[in-house]
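Got the sequence and the model open? Let's walk through a few spots together, one question at a time.

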Amino acid sequence: RECRSLPQEEVDRSITLAKYTELWLREIAPGKLAKSTLARDRQDIDRFLPILGHYKLAELRPEHFRNFYADLRKVISLETGRPLSEHTVEGVHATLCTILSDAMEGGFLNHNPAWRTYRYAGRKKEKKIADPETLQRIIAALEEESLKYETYFKLIIATGMRRGECCGLQWGDINWHERSIHIQRNVVKVTGEDIIVKETKTVAGDRYVYFSLEMESLLKEFQQECAWETEAYDGRELEDTDYIFRRHGDRLPMTPSTFTWRFKLILKKHGLPTALNVHSLRHTNASLLIAGGADVATVAGWLHHPPSHGPIPHDPLLHLAVETDLEEARPVRCRKRGDLIKYREKKQPQIPVTHCSWCGSYDLGIGWQQNEAIVTFRRNGLLGNRLKYVICRNCGAVLYQCVAEPWRFPQVE
């Protein structure tokens, strides 16, 4: 480890915690921690240095840390007006243990005095997830948002990827033939720093996730909108290296905090539980996979170690966003492509034409009108649904027309 490169023979064992922390920040931390992690550690350091910084490393005892944690729980946060959360206290302890472990390996200490000095106070909070009814309401709310936000949040619900991983996706990461996405980047934003695109959080985070036919339809629709915007505003064609969710007029990805802020607005606007957050959609994905019959260990593998556990099923969430029966408000389970096609055909309106009223022929065909001839299902939408025609193959008369996917249009309120 990096700290072992420090001089082992002439270390100053009378060094204070404050002085060693300064050395650690300068020589050790930059080489082993990501900028986002280091930024959080600096916040923790600012909390413990005023209290513990004057102690020499060799003078630190377990009771120093236990008393410090007890006092820290009484500190009132300037942001919330409430005592610091237990999560904050736990984070300070973790940072102290990391720094002192490096000091021990560098020869400044014989043991780590912070080990086993922290015990979680109170009851741990359960992770917030959306139940099926709430998820239905979230999906309905997303369909009133712009196509960008609808695609982003539905993609997280459907695949369980992290918000930074979703921000790091490029169009070239999508394999349309296999309906898979290669997750290989993570986007972080540190206050005062430029946006950072780095490798995934863990080695196992470099993985593939799969999506359904209906998610494919939504992604392709968004891709067409992005292509139009890129040509109209940037004067160029959309490229595989373009981020799926990128800043306007720039090749940089959007920051995860933008989506965090937007999701909170959506929840408030529609009267949904504000305790939920973007990361809770990842836990919701896991809970629905388990509810669908997958065991816990397998789900953990799908979310963190997919290559060794096999691919995630194509419809892990039953894709409530686009496969919802609007009358009964229940998810439709389409596990096989054949079942999905049958289901979509079942939802198609019955064509009220059996023969040509002009020439009497029963030889009818189906045709499509596309490009500008579309019906949008958003008031401000640029894209929409193709028009489907029934045509007499004998005389060429157009006998009937309808939209191709009527279930994608919002219900009349």
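Predicted model: local features only at pLDDT ≥ 70, side-chain atom pairs only at ≥ 80, totals over all residues.

Q: Leaving aside neighbours within four places in sequence, which residues is H283 in contact with?
A: Contact means heavy atoms within 4.5 Å. Leaving aside neighbours within four places in sequence, the contacts of H283 are K127, K128 and I129.

Q: Is H248 buried or exposed, and which residues is H248 in contact with beyond four places in sequence?
A: Look in the loop between helix 8 (213–234) and helix 9 for H248. Its relative accessibility is 62%, so H248 counts as exposed. The C-alpha atoms of H248 and T230, 18 residues apart along the chain, are separated by 8.8 Å. Setting aside neighbours within four places in sequence, H248 is in contact with K148 and E229.

Q: Which residues is E216 in contact with, leaving aside its neighbours within four places in sequence?
A: E216 belongs to helix 8. Because its relative accessibility is 12%, E216 counts as buried. Leaving aside neighbours within four places in sequence, E216 is in contact with W176, R179 and F211.

Q: What is the phi of R179?
A: R179 is in the loop between strand 1 (174–175) and strand 2 (180–183). R179 is buried because its relative accessibility is 12%. Most residues other than glycine have a negative phi. R179 is not a glycine, yet its phi is positive, near 55°.

Q: Where is R116, and what is its phi?
A: You'll find R116 in the loop between helix 4 (86–105) and helix 5 (132–142). With 81% relative accessibility, R116 counts as exposed. Although R116 is not a glycine, its phi is positive, at about 60°.

Q: Which side chain does the side chain of R185 join in a polar contact of 2.7 Å?
A: R185 is in the loop between strand 2 and strand 3 (186–188), and its relative accessible area of 15% makes R185 buried. Its side chain reaches the backbone oxygen of G168 at 2.7 Å. A polar contact is a pair of N or O atoms within 3.5 Å; within protein, one must be able to donate a hydrogen and the other to accept it, and residues adjacent in sequence count only if both atoms are side-chain atoms. The side chain that R185 joins at 2.7 Å is that of D173.

Q: How do helix 6 and helix 9 lie to each other?
A: Helix 6 (residues 147–159) and helix 9 (residues 256–269) pack at about 95°, with axes 11 Å apart; axes are lines fitted to C-alpha atoms, for helices over the stretch in contact, and angles run from 0 to 180 degrees between N-to-C directions. The contact is made by Y149, Y152 and F153 of helix 6 and T258, F259, R262, F263 and I266 of helix 9. Angles under 35 degrees count as roughly parallel, over 145 as roughly antiparallel, 65 to 115 as roughly perpendicular and the rest as oblique. Helix 6 and helix 9 are therefore roughly perpendicular.

Q: How do helix 1 and helix 2 lie to each other?
A: The axes of helix 1 (residues 17–32) and helix 2 (residues 35–52) come within 10 Å and cross at roughly 165°. That makes helix 1 and helix 2 roughly antiparallel.

Q: How many helices and strands does the protein have?
A: Buried residues make up 46% of the 413 residues in the protein. As for the elements, the protein has 13 helices and 10 strands.

Technical notes. Residues numbered from 1 in each chain as written. Heavy atoms only, no water. Helix = DSSP H or I, 4+ residues; strand = E, 2+ residues; numbered from the N terminus. Buried < 20%, exposed > 50% of the residue type's maximum accessible area, 1.4 Å probe, protein only.
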